[in-house]
Amino acid sequence: MEVAATCMPLAHAHGVGVLPAWSSPSTAAATARSVTRQSYTYTRRKRLATARGVMARPQEVVVAPAPPARPTPPPPTTTKERTALAPPPTTTTYHDSWFDKLAIGYLSRNLQEASGMKNGKDGYEGLIEAALAISALFRVDQQLETVAKALEQAFPSYILTMIKIMMPPSRFSREYFAAFTTIFFPWLVGPCEVRESEVDGRKEKNVVYIPKCRFLESTNCVGMCTNLCKIPCQKFIQDSLGTAVYMSPNFEDMSCEMIFGQQPPEDDPALKQPCFRTKCIAKQNHQVNCSI
């Protein structure tokens with residue numbers, strides 16, 4: 001009876017029917033157990049509902065403030081600024097054929113004989129060493145004379161005379177010299193191609209475009225480019241072959257154009273290019289006075 005009396009309030013609280021007072025003790029005990037189970041089930045369901053409600057509640061996300069935007073620097077405007085921001089250039093690797101090595105050695109020996117200074121280096125390195133020696137020890141006028149002498153020794157005069165007579169200045173000769181240069185002289189200046197230009201209102205394939213000059217890349221020297229290549233070659237082709245040519249180097253990307261049939265301008269911008277003092281190989285490694 002005491003158990004029944006105890007469970008009656010719980011039964012009322014959970015909406016469970018209560019047996020009358022005259023129920024037997026076994027019936028009261030069963031009723032108490034049923035009430036206890038229902039109370040446990042109700043409590044467990046309530047806790048689960050509460051947990052689901054908490055889990056379903058949207059979480060508060062703390063968003064960090066965005067960092068302040070950095071001001072964009074203005075683009076470089078001068079050649080000096082563009083050079084400072086440009087990535088370091090990569091050196092081109094050349095795989096010389098037997099013909100390339102033969103021609104390189106031949107010109108290198110002629111330069112050494114014309115200057116009177118020998119070096120024991122082979123290949124293109126020996127050619128550059130000979131050019132560096134001429135640039136370091138001779139004045140500008142002597143450099144021009146030495147290279148002209150080496151070119152005369154390299155190309156027999158009777159062959160040049162025959163070419164000059166048989167191929168006077170014309171569209172054919174200009175296009176022929178351009179094509180000949182791209183085929184037989186990549187060993188000296190690097191890979192090159194023929195391009196068109198306008199001559200007397202007509203298109204001609206008289207331009208040799210060199211994406212990156214091998215000689216300029218190997219020396220990185222403005223003075224050696226102009227005094228040992230550009231000016232001597234222009235004069236040699238004009239005097240020996242009777243055809244004008246203008247060599248226009250681009251010292252920013254080391255490209256060059258050889259325009260057959262065009263006279264070099266009197267106010268040549270290449271002759272005003274200052275020395276690459278901070279990256280000139282000739283000046284840094286060989287103390288060459290390459291100022292123009």
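Me: How many strands form the open sheet, and in what order?
Reply: The open sheet is formed by 4 strands in the order β1-β2-β4-β3, with antiparallel pairing (two strands pair if DSSP finds at least two bridges between them). Strands here are DSSP E runs of at least two residues and helices are H or I runs of at least four, numbered from the N terminus. This is a predicted model, in which local features need pLDDT of at least 70, side-chain atom pairs count only at pLDDT 80 or more, and totals for chains, interfaces and linings use all residues. Residues are numbered from 1 along each chain as its sequence is written, and side-chain values use heavy atoms, without hydrogens or water.

Me: Which strands are at the edges?
Reply: Those are β1 (193-199) and β3, each of which pairs on one side only. From one strand to the next, the twist averages 30°.

Me: How many bridges join β1 to β2?
Reply: 6 bridges join these antiparallel strands. For instance, R195 has V207 in β2 as its bridge partner.

Me: And what does α8 touch on the sheet?
Reply: Helix α8 packs on the sheet and touches β1, β2 and β4. Its direction makes about 25° with that of β2 (axes are lines fitted to C-alpha atoms, for helices over the stretch in contact, and angles run from 0 to 180 degrees between N-to-C directions). Helix α11 also packs on the sheet, touching β3 and β4, and its direction makes about 160° with that of β3.

Me: While we're on α11, at what angle do the axes of α7 and α11 cross?
Reply: At roughly 70°, and the axes of α7 (residues 157-166) and α11 come within 8 Å. The two helices are therefore roughly perpendicular (65 to 115 degrees; under 35 is roughly parallel, over 145 roughly antiparallel, the rest oblique).

Me: Which residues make that contact?
Reply: On the α7 side they are L160, I163 and K164, and on the α11 side F236, D239, S240 and L241 (contact means heavy atoms within 4.5 Å).

Me: Nice. What about the largest nonpolar core, how many residues has it?
Reply: It has 45 residues, and F215 and F260 have the most contacts inside it. A nonpolar core is a set of buried Ala, Val, Leu, Ile, Met, Phe, Trp, Tyr and Cys residues joined through side-chain atoms within 4.5 Å. Helix α11 gives the most to this core, with 8 residues.

Me: What does F260 touch?
Reply: Leaving out residues up to four places away in sequence, F260 touches R174, F177, A178, T181, N206, V208, I237, T243, A244 and V245.

Me: R174 is on that list, so what is its salt-bridge partner?
Reply: R174 forms a salt bridge with E204, with the closest N and O atoms 2.9 Å apart (the criterion is a Lys or Arg side-chain nitrogen within 4 Å of an Asp or Glu carboxyl oxygen). R174 lies in helix α8 (residues 171-184) and E204 in strand β2 (residues 202-210), so the pair ties together parts that are 30 residues apart in sequence.

Me: Are R174 and E204 buried or exposed?
Reply: Both R174 and E204 are buried (under 20% relative accessible area; exposed is over 50%, partly exposed in between, with a 1.4 Å probe and protein chains only).

Me: How many salt bridges are there in the whole structure?
Reply: A search finds 11. Among them is D268 with K230, whose closest N and O atoms are 2.8 Å apart. D268 is in the loop between β4 (255-260) and α12 (281-286), while K230 is in helix α11 (residues 222-241), 38 residues apart. Both D268 and K230 are buried. Shared partners also join K121, E125 and E129 into one salt-bridge network.

Me: Switching to backbone angles, what is phi of N220?
Reply: N220 has a positive phi of about 50°, although N220 is not a glycine. It sits in the loop between α10 (214-219) and α11, and at 9% relative accessibility N220 is buried. M254, another residue other than glycine, has a positive phi near 65°. M254 is in the loop between β3 (245-250) and β4 and is buried too, with a relative accessible area of 13%.

Me: Last one: where is A150, and what is it in contact with?
Reply: A150 lies in helix α6 (residues 140-154) and is buried, at 0% relative accessibility. Neighbours within four places in sequence aside, A150 is in contact with N110, L111 and A114. The C-alpha atoms of A150 and R109 are separated by 8.8 Å, and these residues are 41 residues apart along the chain.
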